[in-house]
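Here is a short walk through one chain.

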Amino acid sequence: MGDISKEQKLNRLHQRLLQKNGHYAEVIRYTDSEHITLLWDNKAVSTSAYKRFRDGRVSYKTSDISRCIGDKKKQKNGHIAEIIKGPMSGNISVRFEDGTIVGNTTFWQWEQGNISYPAKYEETRKHHVGRQEMQKNGYVYVIDYVEHTNKVHGHFLDGKNTKTITSIKAFNMGVIPHPDGDEEQIRQKKERLGSGLIQSNGLTLTIDRYRTSQDCGGYFEDGTRVEKFKYYKASTGHVGHPTLSSFGHGTYMGFKTFPAFTEDKTVYYTCRCNKCGLEDILTPRQMAEHRKSFHEEE
Ligand SMILES: [Zn+2]
């Protein structure tokens, strides 16, 4: 082979080309056209003739390529393919995010982003579109679009849309959540909304706002509002009143209060009226009556 100019040599040095085995090789030493040294993208080093390199025909030992397993790359179909097997003489197997495996493809195809789902899979995808199924929450879900079996878009027939991206499996199992909650939650909401629950301070709390069991609102029998409590807390009597303490000093209806005892679920307080000085053991309701009878018409 004839010699090339120094300038041509410099041009060829650090040239980086994708070879047909799917890997990039960079010229790191150019002795002459028959003897070049290549550094591969996986740090392997090999020697070749320049023409083979230029034609993309250089390869290296498969033992050097094993590090490609686990490499991920987004394909032109928008999905990420991970190399799970190979490459032996350029052949690899990849796995898409949803678990679909495409075998017998090439690193070159992967590198170019040309790996697509098998034709059979595309058929399956299309087959699901338009399917309707009653979910366990009692709502019918319709599949609009299947990105892949773990990424299914659709809507409920009642028009309420769920932002949840679901899977064919969840759809078939009937477990896609509805934005209003499931039937059991709706039943609980109906049952609990408007219910009156006696709290440990002796006052009845009526629930008039029930978003979920974790977010309720209501009012005590004296009209005082309380917000953002859990239903469980109300059902066990643990929602507190802002001024009537069930465990320490409080003020209520013009009385200074301190819990005395509980009898038949009625809470009695040792209390003293701020206006007339009456000292007695009364229930919150009796304190309210005293205030109404003796101090409101003054
Ligand atoms: Zn009084």
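Domain bounds here come from an automatic or database domain assignment. On that basis the chain is divided into domain 1 (6-64), domain 2 (72-117), domain 3 (122-179), domain 4 (193-235) and domain 5 (250-295). Taken over C-alpha atoms, the centres of domain 1 and domain 4 are separated by 76 Å.

The model is predicted: local features need pLDDT of at least 70, side-chain atom pairs count only at pLDDT 80 or more, and totals for chains, interfaces and linings use all residues. Residues are numbered from 1 along each chain as its sequence is written.

Now take the sheet. Helices (H or I, at least four residues) and strands (E, at least two) are DSSP runs, numbered from the N terminus. Two strands pair if DSSP finds at least two bridges between them. Strands of a sheet pair through backbone hydrogen bonds, either parallel or antiparallel. Here four strands form an open sheet in the order β16-β17-β18-β19, with antiparallel pairing. Its edge strands are β16 (250-252) and β19 (279-282), each pairing on one side only. From one strand to the next, the twist averages 40°; axes are lines fitted to C-alpha atoms, for helices over the stretch in contact, and angles run from 0 to 180 degrees between N-to-C directions. Strand β18 (residues 266-273) is joined to β19 by four bridges.

Next comes helix α9 (residues 284-294), where P284, M287 and H290 are buried. A residue is buried if 20 or more other C-beta atoms lie within 10 Å of its own, exposed if 12 or fewer, and partly exposed in between, with C-beta atoms placed from the backbone. Seen down the axis of α9, its buried residues fall within an arc of 115°, so they line one face of the helix. The arc is that of the directions from the helix axis to the C-beta atoms. The face turned away from the buried side of α9 carries the exposed residues K292 and S293. What covers the buried residues of α9? The cover includes β16, β17 (255-263), β18 and β19. Two residues are in contact if their C-beta atoms, placed from the backbone, lie within 7 Å.

Helix α5 (residues 119-128) is another case. Of its 10 residues, the number buried is zero, so α5 lies largely in the open. After α5 comes G130, whose phi is positive, near 90°.

Finally, look at N77, in the loop between β5 (72-74) and β6 (80-88). N77 is partly exposed, with 15 other C-beta atoms within 10 Å. Not counting residues up to four places away in sequence, N77 touches S116 and Y117. N77 and Y117 are 40 residues apart along the chain, yet 8.3 Å separates their C-alpha atoms.
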